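Let's take a walk through this model together.

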Amino acid sequence: MFASAIRNSRLGIRRLTTKPVQNRLYQHLAPTAGAAACAGPSSSPLAARLEARSASAARLSSPSIIQSRFMSSPSAAYSQTVDVFPSIVIEAGGNISAQGPFAEAQAQFLEPDMEAVHSLNESLTKANMGVVAHYYMDVELQGILTSLKIEQLKTSDSSRIAIADSLKMGDDAVKMCEEGATSIACLGVDFMSESVATIMSRNGYAHIPVYRATARHIGCSLAESAEKDAYQAWLQKGRAENKNALHVVYINTSLETKAVSNSIVPTITCTSSNVMATILQASSEVPDVKIMYGPDTYMGENLVTMFTSILNANWDDDKIAKALHPKHNRATLEKLRDNIDVYPNGNCVVHHMFGNEVVNTVKNNYDDAFVTAHLEVPGEMFQIAMEKSLVDKGVVGSTSDILKFISGKVSLAVEEEAASASAGATPSGDNRRLKFILGTEAGMVTSIVKSVQDILAAAGSKTIETEIVFPVSSEAVMGVDDDDLAVVPGVAGGEGCSTAGGCATCPFMKMNDVDALSDIAEMVIENSDEKKMKSHLPPQRLIGKKIDGIDAVDLGSEPILWMRHFMKESAMPKSLIQKISS
Ligand code: SF4
């Protein structure tokens, strides 16, 4: 009922991809595995380890066909040069304009149909459901959720809608449970719903169900790269060769990866916001620690590059102690840098798109822009952002760091505008435009636009414009033999988009959409049959299993709890230090 109301109210809005097209899109992604690649469990190399250790081991899910298909289709790619990237401009006064079809597709959902917003609000309220969504959601979904959050805050001190990074999603879900939500919809990929459920469970809300947007498996190329035999072999070798090994695993991995890894090498989870602090702290407490960083190869290599750049920039002991960590100096930093072992074969299909051509265009045509880059992006793009960050013209870090940086620069500009006006300066008549290269998944734009609009409105700015530039790579273009797929934004416009989720958009994240969310709410309201409701729950692959006699869920949760301890206490937990040294 509610779902159809929302669908009807959105008639006339062009969807990024219609459901039938999405279905064909996924067939394209996984032609050899067919629906199975996206629809359900398949075997994983990790299963062998668990099966060997647990009498009740079950087959584990690890579809990796998407990654291999995506990464290895050179014959489908064609050469294309991009001189001008698509962009969204938040004009003085807050209005939006878009340049290029890809940006137009992103922009059309920034001001959503309010009838759809109200219908979704009604169904979520009736279902007593909270929603936690990742920044990389479909732009249509993000537009509606952002407006819905504003609507809820008009009548309440808190909202049951949160758009955040993967770690904060769990905290937001706990807060919603504390405030009375009886179910949570988690919009992201499967490792995120798994993490959210684990964090809720550890906070006393194991009884509150977490529902995923689809009954199908929602993969992640990065998470799946850690679910291979090669990853375990790398860990085992590291453990055998190093007395004090610590595995620092990126949060974008499954609970299963965390559990199995933790059984081989003591493991702590990190996010892109705290990875640097984590390894600095660990090495300050265990000077000879061998850091095994995985699975994101680009992120690991970027960390090593950062340390090298700092050393090459001749930071002295005092500056290192003040800016990085009080117990580090040049000698310890060099030792730490040389003690980092990065897993060589893991990356995210989206961030992989920021290749040479994009880098050249950024260098040649966007010298005046601020450059932002997620820690997961390939080296050259990262290098540009890092060089710019040293002169405060860019930032490298997490999604939250990027949002904070852009908001900070816009705030500074409006402050300067106000100072100039109060000093009686004569307006030049020209607007001032701040330009930002968005070096991460394009879904971030919804939160960025909202933040910039809020800053401009609060300051009553008249002259500050903000341009968010999407550095779209021609490497993302793949040949397609299906005419129907021409509706995927950007393909016809030749802006480097691909049917496999190019345009710096994640095909896995885009398995979440507005219809799917309203369907979940409807499912809860109608108390659908148990089998259907169960199919939307996060993966439960570890329940009831043991590794080396230890409960696998406990073993997989430990790296997350250790990270939380570090974030709270600014020190490594004693139990982890003991495990590293034992
Ligand atoms: S953007 Fe998509 S593929 Fe990349 S890490 Fe996130 S979920 Fe995985």
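Start by selecting helix 15, residues 297-312: its 16 residues reach 22 Å from the first C-alpha to the last, close to the 22 Å expected at 1.5 Å a residue. That expected span is 1.5 Å times one less than the number of residues. Helices here (H or I, at least four residues) and strands (E, at least two) are DSSP runs, numbered from the N terminus.

A word on the source: this is a predicted model, in which local features need pLDDT of at least 70 and side-chain atom pairs count only at pLDDT 80 or more, while totals for chains, interfaces and linings use all residues. Residues are numbered from 1 along each chain as its sequence is written, and side-chain values use heavy atoms, leaving out hydrogens and water.

Stay with helix 15 and color its buried residues, among them Tyr298, Leu303, Phe307 and Leu311. Buried means under 20% relative accessible area, exposed over 50%, and partly exposed in between (1.4 Å probe, protein chains only). Now show Asp296, which caps the N-terminal end of the helix with a side-chain oxygen 3.1 Å from the backbone nitrogen of Tyr298. After helix 15, click on Asn314, whose phi is positive, near 60°.

Next stop: the salt bridges. The structure holds 22 of them, each a side-chain nitrogen of Lys or Arg within 4 Å of a carboxyl oxygen of Asp or Glu. Select Asp554 and Arg202, whose side chains meet at 2.9 Å, N to O. Asp554 lies in helix 24 (residues 552-569) and Arg202 in helix 10 (residues 190-202), so this pair ties together parts that are 352 residues apart in sequence. Asp554 is partly exposed at 42% relative accessibility, and Arg202 is partly exposed at 35%.

Then move to Lys409 and Asp392, with their closest N and O atoms 2.8 Å apart. Lys409 sits in helix 20 (residues 399-422), and Asp392 in the loop between helix 19 (379-390) and strand 12 (394-397). Is Lys409 buried or exposed? At 12% relative accessibility, Lys409 counts as buried, whereas Asp392 is partly exposed at 45%.

Finally, which residues surround the ligand? Select Tyr136, Val189, Cys220, Ser221, Asn252, Cys348, Val350, Cys506, Phe508 and Met509. By class, this shell has 8 nonpolar, 2 polar and no charged residues. Here Ala, Val, Leu, Ile, Met, Phe, Trp, Tyr, Cys and Pro count as nonpolar, Asp, Glu, Lys and Arg as charged, and the others, Gly among them, as polar.

Technical notes
A residue is near a molecule or strand if one of its heavy atoms lies within 4 Å of it. A polar contact is a pair of N or O atoms within 3.5 Å; within protein, one must be able to donate a hydrogen and the other to accept it, and residues adjacent in sequence count only if both atoms are side-chain atoms.
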